[in-house]
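This report describes the secondary structure elements of a protein model and how they are arranged. The model is shown first, and the description follows.

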Amino acid sequence: MNLVVGVLALQGAFAAHAECVASLGVSVLEVRTPEQLEDVDALVMPGGESSTMSQLLLSSGLFDAIAQRIAKGMPTFGTCAGMILLASEVLDGRPDQRSFGAIDISVRRNAFGRQIDSFETAIDTPFGEFHGVFIRAPRIERTGSAVEVIGRLGDEPVLVRQGNVLAASFHPELAGDARLHEYFVTTMTTARKV
Amino acid sequence: MTSTNGSSVGTQRVKRGLAEMLKGGVIMDVVNAEQAKIAEDAGACAVMALERVPADIRRDGGVARMSDPEMIEGIKAAVTIPVMAKVRIGHFVEAQILEALGVDFIDESEVLTPADETHHIDKFGFTVPFVCGATNLGEALRRVSEGACMIRSKGEAGTGNIVEAVRHLRNIFGDIRKITQADNAELFQWAKTLQAPLGLVQEIAETGKFPVPIFCAGGIATPADAALAMQLGGEAVFVGSGIFKSDDPAPRAKAIVEATTHFRDANVLARVSRGLGAPMTGIAMDEINGTQRFAERGW
């Protein structure tokens, strides 16, 4: 089996995600065009600026291509801005900002504050304690009934899953810990390939 | 800095993390809320709020300082993307003020008139991250040793001429490539030659890369300039005078955003370079005398 995980590389922390995936011994491909998307089995959407990425998704033709793949069940993992792109409802976004509506959550952009409020802290997850890095992070303000909350910061959800879609409001790619990427690749992606 | 609930703000990881988020993007100089909106509409990943773009600072002469807080707050209120602002080299009080205003990144910049001709700011003392300019690897590593979380080429701001930024990127990435091939004994000599901390030189040798993101700034005026900077190893670009000193800023800004993302795709570059109107006029390097060369400021 030759699994290829794509990392959306329009803008943002795609290099750090690609390193994390590669550290698991899995092939990685940076995705900037619909043609490149055809060559991947799963997709990671990194942090960055969701408004910038939303525009580049439309101009590159990737928006519709990714929406079709997600609808067909492509495993997708979004962090921070990537989570905003996957959400069904975006609060405090730009009016022209698009999202895939792939996971039934409402997220508020930059709800944890500006950069001086950015922080790192421990999060409870099923894999044990995970170090969460939150950068101008979005907040999950509502989760639909089909959404499973996997990780919490205090009482609030910060890591959620619905079917083949995984979303985190923090940055596992910056913590030097690939357990979450491993969960995505082994549990969500490999299971589907078999 | 740790709070009572065990979470930490202002750590190197959190500060460098924002630099990671800006990769592959375009940071645009803006002088008012209206320009900031144009920049955000065009897909900028951040804006740099300043009173005059470098081309005007160059033209006007005199002392260039931190911008008026009122103007910075106006820009913060106008956009949802990160807002950066500049302080004079060594002027840590201007930096304290920008931190109090809640800007997302501070540029300790040679474009403004230096406040200290010996010392740069101790950037570890701040919660907000800093970016600093560099012309070569030694200068870049000295800035990291003072706490900078992002390095940008200095280029020669306000000229619309990419030649100096190319020189600086080639200096930095060329020496990084050499260091990754050096043996242990040679690393001691590299540290001496570069006047940089040995530990950081050894880190480059071990990891094969610079400790923080390296962006390109200084002289980008066209989509092709942005793609050139990216292909030379820049991880994102700053565009100062190049957008709002051109004939038609909005389409040029959008084209530079596309070119920065699709920097290896010549077909995209050809498409977005079409019909943009005149870029800023630009200045050749031999038209600038020594005291007007911003890149020579900083130590």
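## Helix 10 of chain B

In this predicted model, helix 10 of chain B spans residues 223-231, and its buried residues are B:Pro223, B:Asp225, B:Ala226, B:Ala227, B:Ala229 and B:Met230. After helix 10 of chain B comes B:Gly233, which has a positive phi near 120°.

## A helix contact between the chains

Helix 12 of chain B (residues 249-261) also packs with helix 3 of chain A (residues 50-60), at an angle of about 80° and with the axes 11 Å apart. The two helices are therefore roughly perpendicular to each other. On the side of chain A, the contact is made by A:Gln55, A:Leu56 and A:Ser59 of helix 3; on the side of chain B, by B:Lys254, B:Val257, B:Glu258 and B:Thr261 of helix 12.

## Overall form of chain A

Chain A contains six helices and twelve strands. Its radius of gyration is 15 Å, close to the 16 Å given by the globule rule for 194 residues, so chain A is as compact as a globular protein of that length. Along the principal axes, the C-alpha atoms of chain A fill a box of roughly 40 × 40 × 30 Å.

Of the 194 residues of chain A, 62% count as buried. When contacts in chain A between residues at least 6 apart in sequence are considered, 65% of them join residues at least 24 apart.

Strand 11 of chain A (residues 156-162) is mostly covered, with six of its seven residues buried. Strand 10 of chain A (residues 148-153) pairs with strand 11 of chain A in the antiparallel sense over five bridges, and A:Arg161 in strand 11 stands opposite A:Glu148. These two strands form a hairpin with two residues between them, and A:Gly154 in the turn has a positive phi of about 65°.

Strand 11 of chain A also pairs with strand 12 of chain A (residues 165-168), in the antiparallel sense and over four bridges. A:Val165 in strand 12 of chain A is the bridge partner of A:Gln162. Strands 11 and 12 of chain A likewise form a hairpin with two residues between them; A:Gly163 in its turn has a positive phi of about 60°.

## Strand 4 of chain A and its partners

Strand 4 of chain A (residues 76-79) is covered on both faces: A:Thr76 and A:Gly78 on one side are buried, as are A:Phe77 and A:Thr79 on the other. Strand 4 of chain A pairs with strand 12 of chain A in the parallel sense over four bridges, and A:Leu166 in strand 12 stands opposite A:Phe77. Strand 3 of chain A (residues 42-45) runs parallel to strand 4 of chain A and is joined to it by three bridges. A:Gly78 in strand 4 of chain A is the bridge partner of A:Met45.

## The mixed sheet of chain A

Three strands of chain A form an open sheet with mixed pairing, in the order 5-6-9. Strand 5 (87-91) and strand 9 (139-143) of chain A stand at the edges; because each has a single partner strand, one side of each is left without a neighbour in the sheet. On average, and with direction ignored, neighbouring strands of this sheet are turned by 25° against each other.

Strand 6 of chain A (residues 103-108) and strand 9 of chain A run antiparallel and are joined by four bridges. A:Arg142 in strand 9 of chain A is the bridge partner of A:Ser106.

Definitions and conventions. Residues numbered from 1 in each chain as written. Chains lettered and ligands numbered in written order. Predicted model: local features only at pLDDT ≥ 70, side-chain atom pairs only at ≥ 80, totals over all residues. Heavy atoms only, no water. Axes fitted to C-alpha atoms, helices over the stretch in contact; angles between N-to-C directions. Parallel < 35°, antiparallel > 145°, perpendicular 65-115°, else oblique. Contact = heavy atoms within 4.5 Å. Rg over C-alpha atoms; globule rule 2.2 N^0.38 Å. Buried < 20%, exposed > 50% of the residue type's maximum accessible area, 1.4 Å probe, protein only. Pairing = 2+ DSSP bridges.
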